[in-house]
Amino acid sequence: FGLAGVRTLNVLTPDDPAIASLNAFACDNGFPDGWANQMLADGCQATLALDTATGVPLAMGWRTTSPFWVEEIGTPFDPQGAAYLFGDFVAPAHRGRGLQRLLVSHRLRQAPPVNCCTIIHPDNTASLRNYQHEGFRPTGAYQVFEWLGIRKARRRP
């Protein structure tokens, strides 16, 4: 799967030459300063979708095989040998062009592990549609609750 005028680029470490573009894109779109560097330092990998003519980032997506804190459910998630795809973000001016689907497809073609997973809020119909188009199927749901002031998430099949 490809898009005319768009190329993908993996950013694997904090000293990657593309880190400046990744950091600028993340910060310009509301992510905290240094967030991208921290994700890379923690072993996550980023994929950028770039305009081929200008080199300007249009979207980013992330992947990790390590346990990872998922802010949306308030708990760590362990992909247990799979790759967890997360952090998909398409700049508002470029939405509706298939960039998220491109990033999902690209990350699925990456090196093993073969199994991949993600967590998507059921109201996010665009992301659900893009991931399902690439072969993802719902296997469970997280129920987030608070007990004695502690936020927990429980996975339900």
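Modeller: Gln80 lies in the loop between strand 5 (75–77) and strand 6 (83–90), in what is a predicted model.

Colleague: Why is Gln80 called exposed?

Modeller: The relative accessible area of Gln80 is 69%, and the term applies over 50%, so Gln80 is exposed.

Colleague: What is the phi of Gln80?

Modeller: Phi of Gln80 is near 50 degrees, a positive value in a residue other than glycine. Most residues other than glycine have a negative phi.

Colleague: Where is Leu148, and what is its phi?

Modeller: Leu148 is placed in the loop between strand 8 (141–147) and strand 9 (150–156), and, although not a glycine, Leu148 has a positive phi of about 55 degrees.

Colleague: Why does Leu148 count as exposed?

Modeller: Its relative accessibility is 69%, and since exposed means over 50%, Leu148 therefore counts as exposed.

Colleague: Which residues touch the most other members of the largest nonpolar core?

Modeller: Among the 26 residues of that core, they are Leu22, Met60 and Trp62. Elements that give two or more residues to this core include helix 1 (19–28), helix 2 (35–41) and strand 3 (57–64).

Colleague: What does Leu22 touch?

Modeller: Leaving aside residues up to four places away in sequence, Leu22 touches Val11, Ala36, Leu40, Ala46, Leu48, Met60 and Trp62. A second, separate core has eight residues, including Val6, Leu58, Val90 and Leu103.

How values were computed: Residues numbered from 1 in each chain as written. Predicted model: local features only at pLDDT ≥ 70, side-chain atom pairs only at ≥ 80, totals over all residues. Heavy atoms only, no water. Helix = DSSP H or I, 4+ residues; strand = E, 2+ residues; numbered from the N terminus. Buried < 20%, exposed > 50% of the residue type's maximum accessible area, 1.4 Å probe, protein only. Core = buried A, V, L, I, M, F, W, Y, C linked by side-chain atoms within 4.5 Å. Contact = heavy atoms within 4.5 Å.
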